[in-house]
Amino acid sequence: MTELRNVSFTFPGGVQALSNVSEVFPEGRVTAVLGPNGAGKTTLFRCILGFCPKYTGSILYNGTDLRTLSPAALAKKVAYIPQQGARHSGLTLRDFVTLGSVRTLSLTGVPGPRQREAASGAIRLLSLEALENRPVRTLSGGERQLALIARALCQQSDVLLMDEPDASLDPAHAGRVLSAAAMLAEQGHTVILSTHRPEYAARYATDVLLLKAGTVLSSGETAGIMTGDSLSRLYDTEMRVSHVGGELFIR
């Protein structure tokens, strides 16, 4: 379990990005973080990753304060999947994915059978076998995003942070990426992702955190949180939510 307790962060100059954010992210769940631009979503991720260490409050993983961990130890707990990265990499997909296992090597080590098998397992899990010998830069945006997820799996971390994994993707590729996120949660990972598409959160996330102006507007299971009233308050524009055949539709 990953838990935030009264986390606040202020940038130099006095701009407060987060204010007393408390939230629990259970394992085996997908939590979508929704909010308008400037809501604090990226800052929240950066605090969890240790990039903004001067926050107040606590971020815990199974009771351990993440600020007490070295970067290598933190990498064992949390893996980061950036938004549309690796587009210029000349590595093959297999070599790129294998890079995720570098924390299991010594400083002078090279990937061995253990690392290669981890890469093969991640490639199989995400059905990327047909692409494993292609340079990453030749892949589509959705394929590169799946490659980033596979590399994160090689890191063998329990918590996966995904920064707008659907950004710039067409609906088919976004659906494939978000379906992969849901599958990984079913296998026991804690998946926390940000998105600007509430309809994707409604379809793929088990839980939702609504963040506005650095504070938690509401959070909980998706069906209970994704209402027209809550989304209208979040985005300051009228939004309607309907339930059809057990699914949420937003307009």
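Two strands pair if DSSP finds at least two bridges between them, and strands (E, at least two residues) and helices (H or I, at least four) are DSSP runs, numbered from the N terminus. This is a predicted model, in which local features need pLDDT of at least 70 and side-chain atom pairs count only at pLDDT 80 or more, while totals for chains, interfaces and linings use all residues. Residues are numbered from 1 along each chain as its sequence is written, and side-chain values use heavy atoms, with hydrogens and water left out.

**View 1. Six strands form an open sheet with mixed pairing.**
Follow the order β6-β7-β8-β3-β9-β10 across the sheet. The edges are β6 (78-81) and β10 (215-221), each pairing on one side only. Look for alanine 32, which stands opposite valine 208 in β9. Helix α6 (residues 171-186) packs on this sheet and touches β3, β7 and β8; contact means heavy atoms within 4.5 Å.

**View 2. Four strands form an open, antiparallel sheet.**
Here the order is β2-β1-β4-β5, with β2 (16-25) and β5 (64-65) as the edge strands. Two bridges link β4 (residues 56-61) to β5, and tyrosine 61 stands opposite threonine 64 in β5. Helix α1 packs on the sheet, touching β1 (2-10), β2 and β4, and its direction makes about 65 degrees with that of β2.

**View 3. Helix α1 (residues 41-49) is mostly covered.**
How many of its nine residues are buried? Seven are, where buried means under 20% relative accessible area, exposed over 50% and partly exposed in between (1.4 Å probe, protein chains only). Among them are Leu44, Phe45 and Ile48. α1 also lies across β3, β6, β7 (159-163), β8 (190-194) and β9, at about 150 degrees to β7. Just after α1, glycine 50 takes a positive phi of about 85 degrees.

**View 4. The largest cavity holds about 40 Å³ of space.**
Rolling a probe the size of a water molecule over the atoms shows where empty space is left. A cavity is a set of points, on a 1 Å grid over the protein atoms alone, where a 1.4 Å probe fits but cannot get out; lining residues have an atom within 4 Å of a point. Grid points are joined across faces, edges and corners, and a volume is the space filled by probe spheres set on the points. The lining includes Val30, Leu178 and Tyr204. α7 gives the most to this lining, with three residues.

Technical notes. On a 1 Å grid over the protein atoms alone, a cavity is a set of points where a 1.4 Å probe fits but cannot get out, and a pocket is an open set with protein on both sides within 12 Å along at least five of seven lines; lining residues have an atom within 4 Å of a point. Axes are lines fitted to C-alpha atoms, for helices over the stretch in contact, and angles run from 0 to 180 degrees between N-to-C directions.
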